[in-house]
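Visitor: Could you walk me through this structure, starting with how its helices pack?

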Amino acid sequence: MDAIVVEHDDPHPHLIELSEPTPSDGEALVRTLRVGIDGTDFEVIGGSHGGFPAGDDYHVLGHEAVGVVEDPNGTALEAGQVVVPTVRRPPAGSNEFFERGEPDMAPPELCLERGIDGAHGYMAEYFTSPAEYLVPIPDAFADSGVLVEPMSNAEKALDLAYASRSSFAWEPTASLVLGNGPLGLLTLALLEERPEIDRTYCLGRRDRPDPTIDVIERLGATYIDSRETPVAQVADAHEPMDVIVEATGYAKHAFETIDALAPNGVGALLGIPDDWSFEINGGRLHSEFVLNNKALVGSVNSHLEDFEAAKETLEAAPDWFAEALITDVFSPDEVEDAFTRDASRIKTVIEFDAL
Ligand code: NAP
Ligand code: BGC
Ligand code: ZN
């Protein structure tokens, strides 16, 4: 079967031929429909994040997948069922985080991430997975199911952020998403659905016309250009924000978020930047946290409930949303084009098969 990999001696994503996998006990065989590409894939390809499976000189990419059960192999799944796989797997046997159903809270040394860190991903015609990590979704999601995994990351981040404000009467109304990549736009759509949030903003660094600015404005949010209004000036230029979700991977935004927050506000950090040393006024930031009861939470990955919530959020999103987000669909043999970064694209997917 065709698989898209990077190899130690060829770090550009390319096609290789692998044998079709055989499911072990408790695993199902899945025929891949589509696999999405996000910022993390470029970090993996660039070598700044994740790593190859131990002992292999190739790494099958892809962690945002949708597929159809080809062989349930005695599991509770049914042949023909459309499913989305989760990303994290236990490194050997299991551990308390997986047993509790909280793999997203495992530290890096206690989890593998398929297509990202230490395990093969889903960019192949078939993959196998324990049935417990395959989330059934309606057939209608066969095309847009690639959005479920990244939306689940946004769901988890917002849950963590809200949980940190749960000990007092908190009434958030204004929210800001930093970043207009696919994760930022999915997070914006999620915030748009929250009844308590009246005003939404999304920050990027693009000129119009731009497809991401179109999505931002169609969702009813205000676009902020960070070249004109840096994050630290957003509170003065617009308003102080109760909730901020960072999805740029731009390390200064973690600290600038503190200045953009309203008193009692919370910021969730999702980006995964490289090492970068710069100066900050640590004393002022420290007192800003304390005197205004502000919080910053880091958030990675998601668990099954977040996948369920993501399905519901995507079902409730406007009809045009998934189609506007998935701008480019490539076949596996167009792999080079698929991994070319281009501002006209939002979510690029590789289509292995149709339902
Ligand atoms: P992406 O496609 O790289 O999007 C990042 C966006 O941020 C881009 O649109 C970029 O604008 C914008 N941006 C970067 N620096 C900016 C700045 N200084 N001012 C304004 N806009 C800026 O990545 P993604 O897939 O949306 O993911 C975002 C980040 O979250 C990545 O670091 C990814 O690894 C991480 N991530 C984390 C999780 C998690 O669970 N924690 C899950 C998924 C992704 P341009 O395109 O114009 O350059
Ligand atoms: C994936 C998450 C993963 C994170 C860190 C994201 O792009 O969607 O599942 O935990 O990267 O590797
Ligand atoms: Zn991702």
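Visitor: Which residues in H7 meet which residues in H8?
Guide: On the H7 side they are Phe255, Ile258 and Asp259, and in H8 they meet Arg284, Leu285, Glu288 and Phe289, where contact means heavy atoms within 4.5 Å. Helices are DSSP runs of H or I with at least four residues, strands are runs of E with at least two, and both are numbered from the N terminus.

Visitor: And how do the residues of that contact divide?
Guide: The contact of H7 with H8 has four nonpolar residues, no polar ones and three charged ones. Here Ala, Val, Leu, Ile, Met, Phe, Trp, Tyr, Cys and Pro count as nonpolar, Asp, Glu, Lys and Arg as charged, and the others, including Gly, as polar.

Visitor: Before we go on, what should I know about the model itself?
Guide: It is a predicted model, in which local features need pLDDT of at least 70 and side-chain atom pairs count only at pLDDT 80 or more, while totals for chains, interfaces and linings use all residues. Residues are numbered from 1 along each chain as its sequence is written, chains are lettered from A and ligands numbered from 1 in the order in which they are written, and side-chain values use heavy atoms, with hydrogens and water left out.

Visitor: Back to H7 and H8, at what angle do they pack?
Guide: Helix H7 (residues 252-260) and helix H8 (residues 282-291) pack at about 50 degrees, with their axes 10 Å apart; axes are lines fitted to C-alpha atoms, for helices over the stretch in contact, and angles run from 0 to 180 degrees between N-to-C directions. That makes H7 oblique to H8, given that angles under 35 degrees count as roughly parallel, over 145 as roughly antiparallel, 65 to 115 as roughly perpendicular and the rest as oblique. The crossing of H7 and H8 is left-handed, meaning that the near helix is turned anticlockwise from the far one by less than a right angle, clockwise being right-handed.

Visitor: What about H3 and H9, what angle do they make?
Guide: Helix H3 (residues 148-163) packs on helix H9 (residues 304-316) at about 110 degrees, with the axes 8 Å apart, and H3 and H9 are therefore roughly perpendicular. The residues of this contact divide into six nonpolar, two polar and six charged.

Visitor: How do H3 and H4 cross?
Guide: The axes of H3 and helix H4 (residues 182-193) come within 9 Å and cross at roughly 55 degrees, which makes H3 oblique to H4. H3 passes H4 in a right-handed crossing, and the contact includes Met151, Ala154 and Leu158 of H3 with Leu183, Leu186 and Leu190 of H4. Nine of the residues in the contact of H3 with H4 are nonpolar, two are polar and one is charged.

Visitor: What is phi of Asn73?
Guide: Phi of Asn73 is near 55 degrees, a positive value in a residue other than glycine, and Asn73 has its place in the loop between strand E5 (64-71) and strand E6 (82-85).
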